[in-house]
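The structure comes first, and the notes follow.

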Amino acid sequence: MILIKIGGSLLYNSKTLLKKLKDFAINYNKKIVIVPGGGIFADVVREVDKNLRLSPSLSHKLAIKSMDFVGEIYSELGNIKSYSTLFDLKREIPNEKIGIILPSKILLSIDLAEHSWNITSDSLSLYIGKLLNVKDIIIATNVDGIYKNNNLLKEVNASEIDEWTSVDIAFPKLLKKFKMNAYIVNGKYPERVIDIINNKNTICTKVIGWQNISV
Ligand SMILES: Nc1ncnc2c1ncn2[C@@H]1O[C@H](COP(=O)(O)OP(=O)(O)OP(=O)(O)O)[C@@H](O)[C@H]1O
Ligand SMILES: [Mg+2]
């Protein structure tokens, strides 16, 4: 199973990526699961929070529900079925090959993430990854990867990232905790996302949270 988080930053640039992923999943018999970001809807929650000083828990809940909004839109744009339970996703993906998770029901039920703005859709998609038992996650966003001093990093160890980048600040620690690796890639270039799935070198940043050191 291939897990791809498609950031809300790609809301207006997602159609080609969604179409390419659907064709790829069906033509190459790959199971692809998409987790949406919160995008402008989460930005609205952040704005309201700033003005009304909502409780961290309410902001957290509403920001998670923002991911459902983006998920519903990606579902219509890509003509890809959406699921709000892993039970339904797992039952249908053998035939459908590709599915979009509307994560609020799952994430609010398990309620394992810290209720703070340090946790955004990047970290929340790792919790979904954990529940689906995947080792790698592709994070599609609106930049080519993670930059340090204006240089695009090809590979970086999660423990070397201690600030906000194109992924949220909690992401590197969680990646290590869940023993996962991540590929941060620009979703405006769907061919790069396909290259990562095919283990081909491409323009992205690999974040290493876990190294399989076989003796
Ligand atoms: N060091 C960095 N390297 C790369 N991008 C960075 C860095 N620091 C900040 N950014 C910003 O992070 C942005 C991507 O994160 P953003 O949260 O806006 O999008 P997203 O995660 O794809 O969307 P969403 O949060 O809605 O899912 C980039 O557009 C860039 O401006
Ligand atoms: Mg983000």
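## Helix packing

Helix α2 passes α3 in a right-handed crossing; a crossing is right-handed if the near helix is turned clockwise from the far one by less than a right angle, and left-handed if anticlockwise. The axes of α2 (residues 39-52) and α3 lie 7 Å apart, at an angle of about 155 degrees. The two helices are therefore roughly antiparallel to each other. On the α2 side the contact involves G39, F41, A42, V45 and D49, which meet S59, L62, A63, S66, F69, V70 and I73 of α3. Contact means heavy atoms within 4.5 Å.

Helix α1 (residues 15-27) also packs against α3 (residues 56-78): the axes come within 9 Å and cross at roughly 65 degrees. That makes α1 roughly perpendicular to α3. This crossing, too, is right-handed. K15, L18 and K22 of α1 make the contact with Y74, L77 and G78 of α3.

## Conventions

This is a predicted model, in which local features need pLDDT of at least 70 and side-chain atom pairs count only at pLDDT 80 or more, while totals for chains, interfaces and linings use all residues. Residues are numbered from 1 along each chain as its sequence is written, chains are lettered from A and ligands numbered from 1 in the order in which they are written, and side-chain values use heavy atoms, leaving out hydrogens and water.

Helices (H or I, at least four residues) and strands (E, at least two) are DSSP runs, numbered from the N terminus. Axes are lines fitted to C-alpha atoms, for helices over the stretch in contact, and angles run from 0 to 180 degrees between N-to-C directions. Angles under 35 degrees count as roughly parallel, over 145 as roughly antiparallel, 65 to 115 as roughly perpendicular and the rest as oblique.

## Aromatic pairs

A search of the whole structure finds three aromatic pairs. The rings of F24 and Y28 have centres 4.9 Å apart and planes at 35 degrees, so this pair is tilted. Rings of Phe, Tyr and Trp (its six-membered ring) pair if their centres lie within 6.5 Å; planes under 30 degrees apart count as stacked, over 60 as edge-to-face and the rest as tilted. F24 is buried at 6% relative accessible area, whereas Y28 is exposed at 54%. Buried means under 20% relative accessible area, exposed over 50%, and partly exposed in between (1.4 Å probe, protein chains only).

Y127 and F178 form an edge-to-face pair, 5.2 Å centre to centre with 80 degrees between the planes. Y127 lies in helix α6 (residues 121-131) and F178 in the loop between α7 (171-177) and β9 (181-186), so the pair ties together parts 51 residues apart in sequence. Both Y127 and F178 are buried.

## Charges over rings

K135 lies over the face of W210, 4.5 Å from the ring centre. R192 lies over the face of Y189, at 3.8 Å from the ring centre. The criterion is NZ of Lys or CZ of Arg within 6 Å of the ring centre and within 35 degrees of the ring normal.

## Two buried residues

N181 lies in strand β9 and is buried, at 9% relative accessibility. Leaving aside neighbours within four places in sequence, N181 is in contact with residues including K135 and W210, the two that form the charge-over-ring arrangement described above. Other contacts of N181 include D136, I137, L175 and K206.

G78, in helix α3, is buried at 8% relative accessible area. Leaving aside neighbours within four places in sequence, G78 is in contact with L18 and K22.
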